[in-house]
Amino acid sequence: LFPQAPRMFAQSSRNSVSPVLLLVLLGCVLCPPAQASKSSEDIRCKCICPPYRNISGHIYNKNVSQKDCNCLHVVEPMPVPGNDVEAYCLLCECKYEERSTTTIKVIIIIYLSVVGALLLYMAFLVLVDPLIRKPDPYTQPLHNEEDSEDTRSLATVPAPAGARANTVLERVEGAQQRWKRQVQEQRKTVFDRHKMLS
Amino acid sequence: MVNAGDMNGSGNLMDFLDEPFPDVGTYEDFHTIDWLREKSRDTDRHRKITSKSKESIWEFIKSLLDAWSGWVVMLLIGLLAGTLAGVIDLAVDWMTDLKEGVCLSAFWYSHEQCCWTSNETTFDDRDKCPQWQKWSELLVSQSEGASAYILNYFLYIMWALCFAFLAVSLVRVFAPYACGSGIPEIKTILSGFIIRGYLGKWTLLIKTVTLVLVVSSGLSLGKEGPLVHVACCCGNFFSSLFSKYSKNEGKRREVLSAAAAAGVSVAFGAPIGGVLFSLEEVSYYFPLKTLWRSFFAALVAAFTLRSINPFGNSRLVLFYVEYHTPWYMAELFPFILLGVFGGLWGTLFIRCNIAWCRRRKTTRLGKYPVLEVIVITAITAIIAYPNPYTRRSTSELISELFNDCGALESSQLCDYINDPNMTRPVDDIPDRPAGPGVYSAMWQLALALVFKIVITIFTFGMKIPSGLFIPSMAVGAMAGRMVGIGVEQLAYHHHDWIIFRNWCRPGADCVTPGLYAMVGAAACLGGVTRMTVSLVVIMFELTGGLEYIVPLMAAAVTSKWVADAFGKEGIYEAHIHLNGYPFLDVKDEFTHRTLATDVMRPRRGEAPLSVLTQDSMTVEDVETLIKETDYNGFPVVVSKDSERLIGFAQRRELILAIKNARQRQDGVVSNSIVYFTEEPPELPPNSPHPLKLRRILNLSPFTVTDHTPMETVVDIFRKLGLRQCLVTRSGRLLGIITKKDVLRHMAQMANQDPESIMFN
């Protein structure tokens, strides 16, 4: 069953590990906030009472539990005398609301950091990468705009496996090049040839 | 079948950086899977596990784990889909408000969150709070006046452009497959097509991130369709962790069907509606086992989203409706009118959108995707800001239109003339005459309606994630609300007319314009997507009650009839045809009287069929045949004279098997004979070692005779999911019919361009 787990890593490139890590990070960090204890400003019962006779409209907020969230518990001090209370309370609308400020803070900050990381990586790929990468025959096909269908069928046969690089850095380079080639192929299909996704 | 990936054994972790070895049994990109083979492989696997489970306790436990792995995958999909939907909702909430201002106490709060703890308690200022400031207040400390308005306007446009530009750049650089809605492609994938990378991890990440950006930029699109894509990416990711699903494309598609249900469930807070949507719209084969598992995934996703609680009121959708005022039989007439409007709008939208997308595909417009996004965003922002109904996000607009006007609403739409002595509770307020605010709101809604109708045609299909549900519902809700207010005022001012006299007494609460908005939204959504049962169930799960089922059904049925009168395809089928995906629709009927001979290849005058013989071809002959043609497979016959059929061999497997044999087996050279029989043929002495390829031969290819009607052939292709079918007469092989030939033939019969079927 789980012999698949090392195989999963064996078949995905290094560049797919980063989005996996980001997703896992997202999941792990979100679990604690969902059960975080609520601070006192995170729950409230809000009663809105419209203008009634000569009393102007008013909003009442109070930190009560859900079963106590009604006009009688929340509206204090009651602006009408005792026999009018029922008629006044019929007009008021009470809602129970709760929120988790930690969840909101954590999610927004994680989202902004993900966007920031993607922006930096995009800037690196678009601006810095072409400068530091010396053009060599292995990367030449990336610039060839007239790739025919044959190069795709060639790519399904394994690439020169004979020259298996041994250092970690060269393997990382190879994985990144493969990912860039895939994205290049996708970009050609969608943006240039308009073969998919109109 | 040898899994060549096993050759590396349990290598070190650095092996993951090497290129994966394609093994026999996987499919090439942009090809169709063989459903029957996947099914039989799954049966084999299951039989092996069951037989081994009797051997030892450990094997028994493994068989139990295998049986439970399906449920574990559903649980994981539900959790991740719910989490991502919660993240998207919260981030959209914040970023939409970022266009207008910022919260000073904590920058990550949206307008509503910021004013949560405000001390403004008077009824008239209940929307103001000092902690949240508009940009003009922050930058030039002015909140009223022309310069403040212009500065706010300018910054609104700048933020919208910034978000849209960022989104389209991210899509272009990292994951070009993340654009569009995703539902047409997912429909095609679920019918058996392979698109590598469409459900990948980068696509998942980029689609989630850019979806937030484009919804916040104020463009006229929704997030429901892309959420289905996101959920299917989660499904693909988790199914790759379990060998039961990662090695079997047929089983994987069961998981993807369930994931699509989870996606719709979190988009609308409607688990049952999600399952029905997956059944009706998205899936191709939906076995009953998948029904229960989809429901489980949808439920887990809905609960996860509820625990994140993005809207603060334990509701999953912003426009959840909670009133239960009754409706009357005489109101069915305006509901049916709204249905007709929905059908007409659906037809108009589909025709215009497809024409625009076709222009984008074929002319120079398609060469400037980034510029197109920026221009459309600029136009949308410039026109949307002055009208308060288009300035806010579309979900908020729908929420306001769906809501009933109590005594407490402060919006212009609820500016009725109140009776100061009235003492009725909140949801029983009688019909009131409209104040001036209502009339100006009607004008603004009419302008907003026209604007939304026009701009959505150009927005859907751009190179950014874009959904269609929310804009359609907005159009329908605006039209419905206007009709509802019209009927309400008519009933108030003319309560002595014969139609109103029976059910609408003065002083009673007869007409609920919010209900008309809901019915209009359902009608427009049904007119565009042609959903039936799933639409009604989604809408009734949104309203939380069964009272409104009859009006919703009436409108949905009417809009589907009216729209079907003009064209049979919904928007998703229309996009599938536009892109030429090889999707054989189960809803199409084939009523022509053609026979298999009319469709099969080779036609008269064409080169004869390329076949392999059972034991008389050499390795070199086979390689030449493979190189000269580009067919996906070759039939194997006994000999060139007697063309009796033995089986069918796939091109990819031939290539791999010959390559393996040349590298690993001794004595296999170009002159070696290739044989598909059990025993090697009689060979002269000193001949090179023959190559046995029986294991890659499919011994049971599907055959029909040449007089089989095409109706039956199309039915066979649909029900069994075939890729090709051989045509024989008296046992002799005549030709072959592939799925592409069937699709081309159907297109030809329907007078469409048969050359538009692009994929294999």
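Analyst: Begin with burial: a residue counts as buried when its relative accessible area is under 20%, as exposed when over 50%, and as partly exposed in between. Keep in mind that this is a predicted model.

User: Take A:H194 as a case: is A:H194 buried or exposed?

Analyst: The relative accessible area of A:H194 is 7%, so A:H194 is buried. A:H194 sits in the segment after α7 of chain A. Its backbone also deserves a look: A:H194 is not a glycine, yet has a positive phi of about 55°.

User: Which residue of chain B has a positive phi although it is not a glycine?

Analyst: One case is B:F30, with a phi of about 60°. B:F30 is found in the segment before α1 (35–52) of chain B. Its relative accessible area is 8%, so B:F30 counts as buried too.

User: Next, disulfides. What is a disulfide, and how many are there over all chains?

Analyst: A disulfide is a covalent bond between the sulfur atoms of two cysteines. In a model, the test is a pair of cysteine sulfur atoms within 2.5 Å. By this rule there are 5 disulfides over all chains.

User: What is the case for A:C49 and A:C92?

Analyst: A disulfide joins A:C49 to A:C92, with an S to S distance of 1.8 Å. Its S-S torsion is about 115°, so this disulfide is right-handed. A:C49 lies in strand β1 of chain A and A:C92 in the loop between α4 (85–91) and β3 of chain A, so the bond ties together parts 43 residues apart in sequence. Both A:C49 and A:C92 are buried.

User: What pattern do the disulfides of chain A follow?

Analyst: Count the bonded cysteines along the chain, and the pattern reads 1-4, 2-8, 3-7, 5-6. For contrast, B:C179 is in no disulfide; the nearest cysteine sulfur belongs to B:C357 and is 11 Å away. B:C179 counts as buried because its relative accessibility is 1%.

User: How do I read the packing of two helices, such as α5 and α7 of chain A?

Analyst: Compare the two axes. Those of helix α5 (residues 101–132) and helix α7 (residues 168–192) of chain A come within 15 Å and cross at roughly 95°. Angles of 65 to 115 degrees count as roughly perpendicular, and α5(A) and α7(A) are therefore roughly perpendicular to each other. The contact is made by A:Y121, A:L125 and A:D129 of α5(A) with A:Q176, A:W179 and A:K180 of α7(A). By class, it has 3 nonpolar, 1 polar and 2 charged residues.

User: Now a single side chain: which residues does B:F451 contact beyond its neighbours in sequence?

Analyst: Leaving aside neighbours within four places in sequence, B:F451 is in contact with B:T380, B:I383, B:A384 and B:T390. B:F451 and B:T380 are 71 residues apart in sequence, but their C-alpha atoms are 8.9 Å apart in space. B:F451 is found in helix α17 (residues 436–459) of chain B and is buried, with a relative accessible area of 12%.

User: Where is there a cis peptide bond?

Analyst: Look at omega: the bond from B:R601 to B:P602 is cis, with omega near 5°. B:P602 lies in the loop between α24 (596–599) and β3 (612–613) of chain B.

User: What does the UniProt annotation cover in chain B?

Analyst: The unreviewed UniProt entry carries the annotation "domain: CBS" for residues 600–664 and 697–755 of chain B. Over residues 600–664 the chain is 37% helix and 23% strand, with the end C-alpha atoms 39 Å apart.

Notes: Residues are numbered from 1 along each chain as its sequence is written. Chains are lettered from A and ligands numbered from 1 in the order in which they are written. This is a predicted model: local features need pLDDT of at least 70, side-chain atom pairs count only at pLDDT 80 or more; totals for chains, interfaces and linings use all residues. Side-chain values use heavy atoms; hydrogens and water are left out. UniProt positions are given in the numbering used here, feature names are shortened, and annotations may be inferred rather than shown by experiment. Helices (H or I, at least four residues) and strands (E, at least two) are DSSP runs, numbered from the N terminus. Buried means under 20% relative accessible area, exposed over 50%, partly exposed in between (1.4 Å probe, protein chains only). Axes are lines fitted to C-alpha atoms, for helices over the stretch in contact, and angles run from 0 to 180 degrees between N-to-C directions. Angles under 35 degrees count as roughly parallel, over 145 as roughly antiparallel, 65 to 115 as roughly perpendicular and the rest as oblique. Contact means heavy atoms within 4.5 Å. Ala, Val, Leu, Ile, Met, Phe, Trp, Tyr, Cys and Pro count as nonpolar, Asp, Glu, Lys and Arg as charged, and the others, Gly among them, as polar.
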